[in-house]
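This report describes selected features of one protein model. Please keep the sequence and the structure in view while reading.

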Amino acid sequence: MPGPRYVLLGLAPPRASWFRTVAQWAQASSIPVEFGKCVSPEELRTRLASNRTFSAVLVDASLPALDRDLIDTARQAGCAVVVVEEHPSRHQWTPLGASAVLVGTFEQTHLMELLRQHASPVPDAQVKDVDALSEEGVGGRDTPGRTSIVVAVCGSGGVGTSTVAMALAQGLAGPPSPQARSGRDAKVGAGRGAGGPRDNLVLDGGVLLADMARRGDLAVLHDARDVVPGLQELVAAHRSGRLVPRQVVALTFDIEQRGYHLLLGLRRSCDWASIRPRSFEAAFASLRGTYGAVICDIEADFEGQHEGGSIDVEERNVMSRSALAYADVVLAVGLPGVKGTHSLLRLLRELGAAGAPPVRIVPVCNRAPRAQRARAEMARALAQLGGLGEGVASPIFVPERMLDEMAGHAARLPSAFVEPLVAALRAVLDQAGRRFVEPSEPQPVRSGSLGHFHEDDEIALG
């Protein structure tokens, strides 16, 4: 068919009636459409990653693969996403990023009207006029406004990162309720999903301690007898929807003695593969919208595709990278001594390279010596070696405490361990304020700015 046409990709069960119908319309040239059938989500992603330009993607709503990550993949390629289902539910799919919803028995006029509204025709199969894409076709990601305080706690292995995160969560939660004071052996599972926000919490909405490390320790440190529900269930629930606060709270455990809720992490380190980026982004947004403060115990690994060239590594680190991107305060935990100072210095540099604002980074020396001279030497070493750059706070020191016996019954941590962390958090918030993160949106590419492919040179030379 001469002239501009819409280049579409379709993903549906082989026997879907609309799948065959659109292919017949395209083959008969009854509509200005070129239609490519995809038999699997992997084939769809492969085609979208090619150098060819597509106008839109049509996906059958009955496919389990249809979720916010698949929609976002198509949107990142500049395609409008049209969901086809027997009983259209615009309120279900458009909040996930879909451009429109079609009933399964649509006619040619319905399809063409929708394409004119949300997609752009392709004059040449190898050239895409990005500026012609409508705003509605590339906008609409559902990222609600953030209201909670986000704190990222990270450190190299064995330095007490999880213990510091627990202490900070307890300090922000405030004193325990009378019921919690009377029960010394309250287990982690007691009161799961019950109650909602406490009256004694300092922050409106409550405090959540979330285990977002690939090799998390919060379950064993709280003597968790149950391993579900946890982070994996929360992310899975956000693949094709969003939970209300009551449902989010139901996936956490109530740590009554310390006053906060606990979200268990991955059950195995290899389970990171099930945490899809956009689904995790939506789940993280629900956590921030439910709780007044979210304390994230994360891995000290922020490598992404830009640094190492691997998209798999970036997706493996999606939890750490997301928590760091939204963190109002970052606690970098280390130990005293030559090795501890070296590891903390390296972590501070990696945090700066990952984009953490220096004014929001607080070095924490765990198991600090009592002698003021030893503490001053460590602070001086960090400053001389460049770890305390402009804006980075001076390190805070938390004393050595025997905390292993407290893990079994979730007893309250000593105030000498908790108070310095809370004071450091408040100092950073007083100085730097809350962090506002602009929602990320696809950016148009100016024509000619991407260069050309070697095949084009060969064609031009004949």
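Predicted model: local features only at pLDDT ≥ 70, side-chain atom pairs only at ≥ 80, totals over all residues.

## Helix α3 and its ends

At the start of helix α3, a side-chain oxygen of D67 comes to within 3.2 Å of the backbone nitrogen of D69. Helix α3 comprises residues 68-76, and seven of its nine residues are buried, leaving the helix mostly covered. The buried residues are R68, D69, L70, I71, D72, A74 and R75.

## The five-stranded sheet

In what order do the strands of the open sheet lie? The order is β2-β1-β3-β4-β5, and the pairing is parallel. At the edges are β2 (33-38) and β5 (100-103), each of which pairs on one side only. On average, neighbouring strands of this sheet are turned by 25 degrees against each other, direction ignored.

In general, strands of a sheet pair through backbone hydrogen bonds, in either a parallel or an antiparallel manner. Strand β1, residues 6-11, pairs with β2 in the parallel sense over six bridges. Within this pair, V7 is found opposite E34 of β2.

## Helices across the sheet

Two helices lie across strands of this sheet. Helix α1 (residues 17-27) lies across β1, β2, β3 (56-60) and β4 (80-85), and runs at about 140 degrees to β2. Helix α2 (residues 41-48) lies across β1, β2 and β3, with an angle of about 135 degrees to β2.

Not counting residues up to four places away in sequence, L425 touches V151, L168, L172 and V329. L425 and V151 are 274 residues apart in sequence, yet their C-alpha atoms are 8.7 Å apart in space.

I275 is placed in the loop between β9 (260-263) and α12 (277-290). This residue is also buried, with a relative accessible area of 1%. Apart from neighbours within four places in sequence, I275 is in contact with Q232, V235, L266, F280, V318 and M319. One of these, M319, is 44 residues away from I275 along the chain, and the two C-alpha atoms are separated by 8.5 Å.

Notes: Residues numbered from 1 in each chain as written. Heavy atoms only, no water. Pairing = 2+ DSSP bridges. Helix = DSSP H or I, 4+ residues; strand = E, 2+ residues; numbered from the N terminus. Axes fitted to C-alpha atoms, helices over the stretch in contact; angles between N-to-C directions. Contact = heavy atoms within 4.5 Å. Buried < 20%, exposed > 50% of the residue type's maximum accessible area, 1.4 Å probe, protein only. Polar contact = N/O pair within 3.5 Å; in protein donor to acceptor, adjacent residues only side chain to side chain.
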